[in-house]
Amino acid sequence: MEILIKLQIEQNEIISKTTQAIEKKKSFLLTYFNVHCYYIYSKNKEYKRLIDNEFITYPDGTGLWIMLNKIGRKYPRFNATDLNYFLMNYLIENNKSVVIIGGNFEEKDIKEICRKRNLNLARYFNGYIDNQFILNETQYVSTDVILIGMGVPKQEVLAYEISKLQKSSVIICVGNFFEFYFGSQKRAPLFMQRIGLEWLYRLYLEPRRLFFRYTVENLYFFWKTLFIKK
């Protein structure tokens with residue numbers, strides 16, 4: 001698959017490209033690519049087109065790390081959540097303004113958390129409202145960064161549509177990161193994070209929602225991995 005060659009595998013390089021784009025006010029689309037994304041990529045033509053042509057994309061999680069190692073693309077394993085925490089700290093330290101799209105939070109709660117953390121929040125949009133409303137509103141909001149956490153492929157489709165209206169914004173897709181960042185969900189214990197089993201903890205917390213993803217999709221992925229060659 002072309003995507004396996006295109007993925008940006010150096011964490012420091014991803015951070016550098018993202019922060020440079022923010023400082024230079026360049027249009028920049030960033031997202032992650034994990035086992036679930038691999039499954040969607042193989043089924044959804046629009047998502048595949050966007051990932052292949054519009055986004056800077058990096059591997060997330062143990063599954064992609066195993067697959068990329070098998071084809072000779074070796075790198076220290078990292079995950080999207082840790083990368084997003086780093087970028088959030090950068091935004092706070094440099095007083096960059098952000099628009100947050102995603103989750104199902106009360107706006108007043110988000111504003112209060114951002115105030116306490118000194119995060120310069122320009123606007124918050126609930127992730128379950130109409131996309132057209134978000135598009136209409138974001139084109140009038142001046143901001144440095146737009147963070148979207150709505151799940152694959154919805155977040156990437158929306159990010160691309162916004163990018164056509166916001167010519168100078170960095171847009172980062174973050175998946176369920178807001179659940180961790182705003183405290184509605186706990187991350188796995190540190191030892192599970194370190195050995196690449198954070199997905200198992202998530203399955204334990206949300207078995208009904210995640211059962212298909214972590215059984216059928218994982219089996220599909222590892223079946224494909226068996227036949228990957230350098």
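This section describes the nonpolar cores, the surroundings of one isoleucine and the salt bridges of a predicted model. Local features were considered at pLDDT of at least 70 and side-chain atom pairs only at pLDDT 80 or more, whereas totals for chains, interfaces and linings use all residues. Residues are numbered from 1 along each chain as its sequence is written, and side-chain values use heavy atoms, with hydrogens and water left out.

In soluble globular proteins, nonpolar side chains tend to be buried together. A nonpolar core is here a set of buried Ala, Val, Leu, Ile, Met, Phe, Trp, Tyr and Cys residues joined through side-chain atoms within 4.5 Å; buried denotes under 20% relative accessible area, exposed over 50%, and partly exposed the range in between (1.4 Å probe, protein chains only). The largest such core comprises 53 residues, and those with the most contacts inside it are Phe 33, Leu 91, Ile 100 and Leu 147. A second, separate core of 18 residues includes Phe 55, Ile 101, Ile 146 and Leu 158. Neighbours within four places in sequence being set aside, the contacts of Phe 33 (heavy atoms within 4.5 Å) include Ile 3, Leu 7, Tyr 47 and Leu 64.

Tyr 47 is also in contact with Ile 40, whose other partners beyond four places in sequence are Val 152 and Pro 153. Ile 40 belongs to helix H3 (residues 35-43); helices (H or I, at least four residues) and strands (E, at least two) are DSSP runs numbered from the N terminus. With a relative accessible area of 15%, Ile 40 is buried. Its C-alpha atom is separated by 29 Å from that of Ile 22, 18 residues apart along the chain.

The whole structure contains 15 salt bridges, each defined as a side-chain nitrogen of Lys or Arg within 4 Å of a carboxyl oxygen of Asp or Glu. Asp 52 pairs with Lys 48, the closest N and O atoms being 2.9 Å apart. Both residues lie in helix H4 (residues 45-53), 4 residues apart, about one turn of the helix. Asp 52 is buried at 11% relative accessible area, whereas Lys 48 is partly exposed at 33%.

In helix H7 (residues 107-116), Glu 112 and Arg 115 are 3 residues apart, and therefore about one helical turn separates them. Their salt bridge has its closest N and O atoms 2.6 Å apart. Glu 112 is partly exposed at 31%, and Arg 115 is exposed at 54%. A further salt bridge joins Glu 206 to Arg 209, with a closest N and O separation of 2.9 Å. Glu 206 is partly exposed at 22%, as is Arg 209 at 46%. Finally, Glu 46, Arg 49 and Glu 54 are linked in a network of salt bridges.
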